Amino acid sequence: MVNQEMEVSELLAEWSTLKEQLETIFHERNRENSQELMEHGIQLFVRFLFLSNSLHLSFDGRISFSQLEIKPVNIEERLAFIKSRPSLYHSFRQLSELMVEQEKLFVKHSAMKKSSRPMA
């Protein structure tokens with residue numbers, strides 16, 4: 001659990017840096033340079049999704065959303081939209097919201113897990 005929390009913390013720190021870079025790019029209306037960074041952000045989110053659910057990321061790139069217990073609402077549609085139009089500002093906003101929602105769900109799930117453990 002501690003290792004999972006540390007990995008999540010590192011991932012969120014990486015996202016924070018990436019998000020700042022993307023905010024600058026979109027503020028400057030420099031959509032051409034957003035594609036690669038957005039793809040990296042999408043990969044971070046997918047990694048976070050699997051990490052939150054204590055699953056190993058599959059290498060084939062397919063996601064079985066039904067096996068995920070901890071996930072934002074309408075994840076399939078929202079992620080499909082982001083992947084299909086990564087250079088749009090709206091996709092960036094949606095990705096940012098997914099990261100926030102997933103973080104809240106992860107924290108909530110972790111707290112509930114800790115509180116349900118028997119006291120030693």
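I take helices as DSSP runs of H or I with at least four residues and strands as DSSP runs of E with at least two, numbered from the N terminus. I am working from a predicted model, in which local features need pLDDT of at least 70 and side-chain atom pairs count only at pLDDT 80 or more, while totals for chains, interfaces and linings use all residues. Residues are numbered from 1 along each chain as its sequence is written, and side-chain values use heavy atoms, with hydrogens and water left out.

Entry on N53. I located N53 in the loop that runs between α2 (34–52) and α3 (75–84). I looked up its accessibility and found 13% relative accessibility, so N53 counts as buried (under 20% relative accessible area; exposed is over 50%, partly exposed in between, with a 1.4 Å probe and protein chains only). Setting aside neighbours within four places in sequence, I found N53 in contact with L68, E69, I70 and Q102, where contact means heavy atoms within 4.5 Å. For E69, I noted that its backbone nitrogen lies 2.8 Å from a polar atom of the N53 side chain.

Entry on R78. I placed R78 in helix α3, and I recorded it as buried, with a relative accessible area of 15%. Its side chain reaches the backbone oxygen of V73 at 2.8 Å and makes a polar contact with the side chain of Q94 at 2.6 Å (a pair of N or O atoms within 3.5 Å; within protein, one must be able to donate a hydrogen and the other to accept it, and residues adjacent in sequence count only if both atoms are side-chain atoms). Beyond four places in sequence, the contacts of R78 include P72, E97, L98 and E101.
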